[in-house]
2 protein chains.
Amino acid sequence: MTDQTLVTDAAGTRESSGVVDDLVAALGDRVSTEAADLERMRGDKSGWLSPGRCEAVVFARSIEDVQSAVRIAARHGVPIVPRGAGTGLAGAATAGPGTVAISVERMDRILEIDYDDEIAVVEPGVINQALSDAVAERGYVFSPDPASKAISSIGGNIATDAGGLLCAKYGVTREAVLGLAVVLADGTLLRTGRRTVKGVTGYDLTALFTGSEGTLGIIVEATVRLRPIAQGLVATIGAFFPSTTAAAAACSAITASGIRPAVMELMDPLSVAAIDAYRGTALGEGGQAFVLVQTDGAGSAEEAEIASRLLVEGGAGRVDVTTDPVEGERLLAIRRSMHPAMETLGHVLIEDVCVPRSRLAEMFDEIARIGAETGLTIPVVAHAGDGNLHPNFVIPVEPGSDPGSVVVPDHVWAAADLLFQAGMRLGGTLTGEHGVGVLKRRWLADELGERSVELQRGIKAVFDPDGLMNPGKVY
Amino acid sequence: MTDQTLVTDAAGTRESSGVVDDLVAALGDRVSTEAADLERMRGDKSGWLSPGRCEAVVFARSIEDVQSAVRIAARHGVPIVPRGAGTGLAGAATAGPGTVAISVERMDRILEIDYDDEIAVVEPGVINQALSDAVAERGYVFSPDPASKAISSIGGNIATDAGGLLCAKYGVTREAVLGLAVVLADGTLLRTGRRTVKGVTGYDLTALFTGSEGTLGIIVEATVRLRPIAQGLVATIGAFFPSTTAAAAACSAITASGIRPAVMELMDPLSVAAIDAYRGTALGEGGQAFVLVQTDGAGSAEEAEIASRLLVEGGAGRVDVTTDPVEGERLLAIRRSMHPAMETLGHVLIEDVCVPRSRLAEMFDEIARIGAETGLTIPVVAHAGDGNLHPNFVIPVEPGSDPGSVVVPDHVWAAADLLFQAGMRLGGTLTGEHGVGVLKRRWLADELGERSVELQRGIKAVFDPDGLMNPGKVY
């Protein structure tokens, strides 16, 4: 594996027409070379764009389609970019010149739901929320809940080991995946894992593929856990704090109390101000930070009582508690406005550091320091129950210019570098849930060490000896 | 990797004195060649014995000791057998001629407990129960609870991805491990994972090492999650059924109801009879099966009510429910007597198939059929909430003979083969929690397929190119 970037080299250009012809001959109208399709494949939700368009995109409808496309690309030595719904935030699914994108977004059938075993078998293009919707009536839910769950696919959730708002209580995607079917770089189909609660036969390849960002193969089917929806009332708490530090300390106290809220989110005053500006509200008057807590399950009421008390003791100026679903939704809407509010300000680079939960307040302080030192305004929202912070870098977009053409400037990457270094100093990681993709490759060895990177490249070479599977991503 | 067995070859014999001399020169009295130590290294709790004694055992006290021993063994080309408490049930930690055992049982310090972050950092030789004992006063517990938790080490729990009684509610070992330090086959130290709740930088090497049975490296440190002990009353239910099939169906109904008991165990009439014989009781009069359910947490009382109702509706002749800890302990003691009761009958091979929870009753029927066909008596106890069954094959021991010399006869392996095939036919796995080790190697490819085994051998070669780390195990 070389650290190759996705530029068209002479070989790529020479091969591309041959590979496209062969793909069309084998797969017909499942292959597109239309400009709009190719242009869409250049980007994801990170805003990063590959330097040009890929040669073709295959909209696979079946495992056999994926196998056929992979075999043809491999025969031509053309790199493959696996693609789900394209909602990633690290550039992992972006396809550029000299590559073929293989999209599984049209493989979107729920193949099986088994309530007795609490599992579902799905194609990778099934939208996260669609699975939860399909099982809601019977009282079940698919736990992984990235903020993108209305638009992101389960295959992509698995490929990135997506997190979300409920992870401290209900786990990350990895915990919800029992088995996979994966098309490897030579076109063979590999099945991993099981349908059972337990199973320890051989290495845990299911976990290895989870979070591998398309570098080991293309996930074409998944056996996932369903979870019974928690019984009882859901209590939602909104609390305003005079400072982020106090808010973060209160969140850490809630974790340390041993209760386990389903949701615990923290928005700093810059975020609250941006939301106020976007919604025309005045929640954050005087520069307040906002904490949102939601408890569920049989202990919900008692947990809400403990959380409220700790928020008050932690210095909250106002604490609203409700078990009314409409009122709860109103409080949640504040958090949900974050991303739209940011987007009105310009192009947004959403960062994703995760620190031990006890270091949350310190990490907020570090971000404030970095903001002051670099002169950048960095609103931060955090999954406080996980120690997972999303600092937002807003890059102004010239009026009338193409938002797709926005390039993250070097001084923003310099600030992000300070951020990652601070996160790692506090015992954290440079990505809690978004992945490495293209955007964080340069920091990979800083966190993992050279030996680990070397071993991981060795693993990749076992699955993909010719380096055709999503090259230039992660490693 | 060849499918080599642990017999002394010419090279091994020639090298052994050299390697032992070098180990003693470097590590002094941490190296033992005493007969009792070497003899102990031949076996584990499976009863399987390697064909002879290893050359030496290194009782490491530190990471540096392990690194030093590995480097010396590697220099001599002598295979290494990593060893924890030696309580495994698949022969994975057994050391034979031509090998050096590296035991971490004396690396038994708890290095750090952090309640704010709900983690502990431990040396691998820390006994599972010892960690829970250390944090109990503060209201925490280490979740993984193999039946061996009073004697098994956390390093071994991780190396085998140990299960236990609480898995359906509280997960298997993998879910409790955040990060590892591992000494690789060349003596280098690799750190994997993190101290944070989330983290997706690179492949999940922590999960890869979890359950790898010593074939990729020696786990020398672990960062594990602590869990707040569930609040509220614990309810314990004991129920007797006229048939195993009815008992299994009732357990499946409890799972399907969406409640999540902490414990749900099923003992078939043969097991109950053996326990009665051992304890001088008359619980199973008339050939009854026994179901044990325990609920905890805020919803405990309500869950116990639902479970009791489903047990009665499922045909239980008698259902005892108690929230009295002493009474609860009395019911649990029935389950805990299983293994001692078996051991009075002879040498026990405890099998470990796991099927989808809805197939539990069918798997019991299959075992009954296999018992009838082969003429063997096969008492079965199951972690019914997981679909994980432990059929017990009892091999009579001649009076006065060495129990260590008992060899599992071919006709028992033939019956076990029928068992594994039936489990896999029902969508299950040949090992839910005990691992592959030596005993199940021959069935590995039946479950995984040749391609998966080939890829897994490729992964092993990345970490251990010379095949020195626990050769002859798993692969």
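This is a predicted model: local features need pLDDT of at least 70, side-chain atom pairs count only at pLDDT 80 or more; totals for chains, interfaces and linings use all residues.

The pairing between β2(B), residues 56-59, and β4(B), residues 100-103, is parallel and runs over four bridges. The sheet as a whole is open and has four strands, in the order β1-β2-β4-β3 of chain B, with mixed pairing. Which strands stand at the edges? They are β1, residues 31-32, and β3, residues 80-83, of chain B; each has a single partner strand, so one side of each has no neighbour in the sheet.

Now the other sheet I want to show in chain B. This one is open too, with five strands in the order β5-β6-β10-β8-β9, and the pairing is antiparallel. At its edges stand β5, residues 110-114, and β9, residues 189-193, of chain B; each of them has a single partner strand, so again one side of each is left without a neighbour in the sheet. Ignoring direction, neighbouring strands here are turned by 10 degrees against each other on average.

Inside this sheet, β8(B) and β10(B), residues 218-225, run antiparallel and are joined by six bridges. One residue pair to look at is Val183(B), whose bridge partner in β10(B) is Ile218(B). What lies across β8, β9 and β10 of chain B? It is α3(B), running at about 145 degrees to β10(B).

Next, helix packing within each chain. In chain A, helix α8, residues 244-256, packs against helix α13, residues 360-374, at an angle of about 155 degrees, and their axes are 8 Å apart. With that angle over 145 degrees, α8(A) is roughly antiparallel to α13(A). The crossing of α8(A) past α13(A) is right-handed. On the α8(A) side the contact residues are Thr244(A), Thr245(A), Ala248(A), Cys251(A) and Ser252(A), and they meet Leu360(A), Ala361(A), Phe364(A) and Asp365(A) of α13(A). By class, that contact has five nonpolar residues, three polar and one charged.

Chain B, with α8 at residues 244-256 and α13 at residues 360-374, also gives an angle of about 155 degrees and axes 8 Å apart. These two helices, α8(B) and α13(B), are therefore roughly antiparallel to each other. Here too α8(B) passes α13(B) in a right-handed crossing. From α8(B), the residues Thr244(B), Thr245(B), Ala248(B), Ala249(B), Cys251(B) and Ser252(B) meet Leu360(B), Ala361(B), Phe364(B) and Asp365(B) in α13(B). The contact of α8(B) with α13(B) divides into six nonpolar, three polar and one charged.

Let me turn to what passes between the chains. Helix α16 of chain A and helix α16 of chain B, each at residues 450-463, pack at an angle of about 150 degrees with their axes 9 Å apart. That makes α16(A) roughly antiparallel to α16(B). How is the crossing of α16(A) and α16(B) handed, left or right? It is right-handed. Leu455(A), Gly458(A), Ile459(A), Val462(A) and Phe463(A) meet Leu455(B), Gly458(B), Ile459(B), Val462(B) and Phe463(B) there.

Last, the salt bridges. Side chains of opposite charge can pair when their charged atoms come close. Over all chains, the structure holds 58 salt bridges. One of them joins Arg174(B) to Asp204(A), with the closest N and O atoms 2.5 Å apart. This pair crosses between chains: Arg174(B) sits in the loop between α6 (167-170) and β8 (177-183) of chain B, and Asp204(A) in the loop between β9 (189-193) and α7 (205-209) of chain A.

That's the tour. I'll take questions now.

Terms used. Residues are numbered from 1 along each chain as its sequence is written. Chains are lettered from A and ligands numbered from 1 in the order in which they are written. Side-chain values use heavy atoms; hydrogens and water are left out. Axes are lines fitted to C-alpha atoms, for helices over the stretch in contact, and angles run from 0 to 180 degrees between N-to-C directions. Angles under 35 degrees count as roughly parallel, over 145 as roughly antiparallel, 65 to 115 as roughly perpendicular and the rest as oblique. A crossing is left-handed if the near helix is turned anticlockwise from the far one by less than a right angle, and right-handed if clockwise. Contact means heavy atoms within 4.5 Å. Two strands pair if DSSP finds at least two bridges between them. A salt bridge is a side-chain nitrogen of Lys or Arg within 4 Å of a carboxyl oxygen of Asp or Glu. Ala, Val, Leu, Ile, Met, Phe, Trp, Tyr, Cys and Pro count as nonpolar, Asp, Glu, Lys and Arg as charged, and the others, Gly among them, as polar.
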